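Dear colleague,

I am passing on the structure below, and I would be grateful if you could look through it alongside the notes that follow.

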Amino acid sequence: MEKKGRMKRPLRVKIISMGNAEAGKSCIIKRYCEKRFVSKYLATIGIDYGVTKVNIRDRDIKVNIFDMAGHPIFYEVRNEFYRDSQGALLVFDVGDRVSFESLESWVQEMQTEVGDRSECDNIVVCVCANKIDQKPRAVDEAEGRIWADSHGFHYFETSAQTGEGINDMFQALFEGVVTTVENGGKKAPFQTQLGYTKEQIEVIQRLKNSKSDYERLGLVPGASKDDVNKAYRRLAVLLHPDKNVAPGSEEAFKLLVSARTALLKRCS
Ligand code: GTP
Ligand code: MG
């Protein structure tokens with residue numbers, strides 16, 4: 001007789017980590033598996049292998065983790081480990097823009113090494129925007145989310161140092177992988193949760209990064225009252241917090257209002 005609440009068949013899954021050297025891949029894995037953080041940098045040499053066990057929706061999962069070295073000299077070692085992966089961490093350091101800009105090349109490396117396009121498309125990927133405990137940031141949350149979303153990847157803000165975001169990220173990764181396995185190896189269609197556009201993000205960034213009020217409104221010195229009001233109205237539509245839910249929209253909207261006030265004073 002079938003026992004009530006009997007566990008489903010245990011699963012074995014393979015997870016890899018990708019991202020530039022020093023982004024924090026090994027520390028994220030260590031934080032999750034060993035609940036500790038090591039501040040000294042110990043570069044992974046080629047590949048590190050570890051096993052952990054989790055239970056997802058009444059199913060025991062044996063997770064094989066292949067933690068890759070990010071340094072280019074280890075390409076010849078790590079390239080063999082991409083195949084048959086079901087999940088991947090794609091890590092960048094929020095304080096290091098180059099590590100963010102390299103994400104695309106990591107995706108390309110994964111596609112090349114996995115070979116089979118459909119196998120690659122079914123790998124569940126979690127982008128980790130890591131080291132959020134450190135300031136200043138070179139990549140803000142909105143930009144990271146937009147990038148991940150446009151690739152159909154999950155996005156998490158993490159800190160291996162404090163532990164923030166780490167459990168949630170692994171939970172989502174494992175759940176995504178189990179769902180894929182239960183779906184015959186086909187990843188569930190990605191549902192965007194963003195609710196904002198690239199254009200809205202770019203406007204926020206321009207407001208925050210501009211050095212003068214003219215620049216904020218996309219104008220040049222000498223612009224008329226009419227120019228200022230027109231530019232203000234155009235940007236207000238994109239930025240108003242009722243319409244723009246992207247991180248940073250409220251702050252950018254305040255900058256827009258004060259830029260308009262200051263420029264109108266100059267015009268009169
Ligand atoms: P490779 O193995 O060379 O590819 O690097 P990696 O991505 O595995 O980086 P690793 O985990 O070794 O971390 C690199 C450095 O960043 C170490 O000095 C860590 O202590 C530090 N580090 C990692 N995660 C965090 C974090 O969330 N916050 C802070 N402040 N430092 C971190
Ligand atoms: Mg490492």
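**Helix H7**

Buried positions of H7 are Ile-166, Met-169, Phe-170, Ala-172, Leu-173, Phe-174, Gly-176, Val-177, Val-178 and Thr-180, where buried means under 20% relative accessible area, exposed over 50% and partly exposed in between, with a 1.4 Å probe and protein chains only. The model is predicted, so local features need pLDDT of at least 70 and side-chain atom pairs count only at pLDDT 80 or more, while totals for chains, interfaces and linings use all residues. Residues are numbered from 1 along each chain as its sequence is written, chains are lettered from A and ligands numbered from 1 in the order in which they are written, and side-chain values use heavy atoms, with hydrogens and water left out.

After H7 comes Gly-184, which has a positive phi near 75°.

Ser-26 (OG) and Thr-44 (OG1) coordinate the magnesium ion (ligand 2) at 2.0 to 2.1 Å; donors are N, O and S atoms within 2.8 Å of the metal (3.2 Å for Na, K and Ca), and water is not among the atoms, so sites may look incomplete. Because Ser-26 belongs to helix H1 (residues 25–34) and Thr-44 to the loop between H1 and strand E2 (47–56), the pair ties together parts that are 18 residues apart in sequence. Ser-26 is partly exposed at 23% relative accessibility, whereas Thr-44, at 11%, is buried.

Ser-26 also has a polar side-chain atom 2.9 Å from an oxygen atom of ligand 1, and a polar backbone atom of Val-38 is 2.8 Å from an oxygen atom of ligand 1.

Best regards

Notes:
Helix = DSSP H or I, 4+ residues; strand = E, 2+ residues; numbered from the N terminus. Polar contact = N/O pair within 3.5 Å; in protein donor to acceptor, adjacent residues only side chain to side chain.
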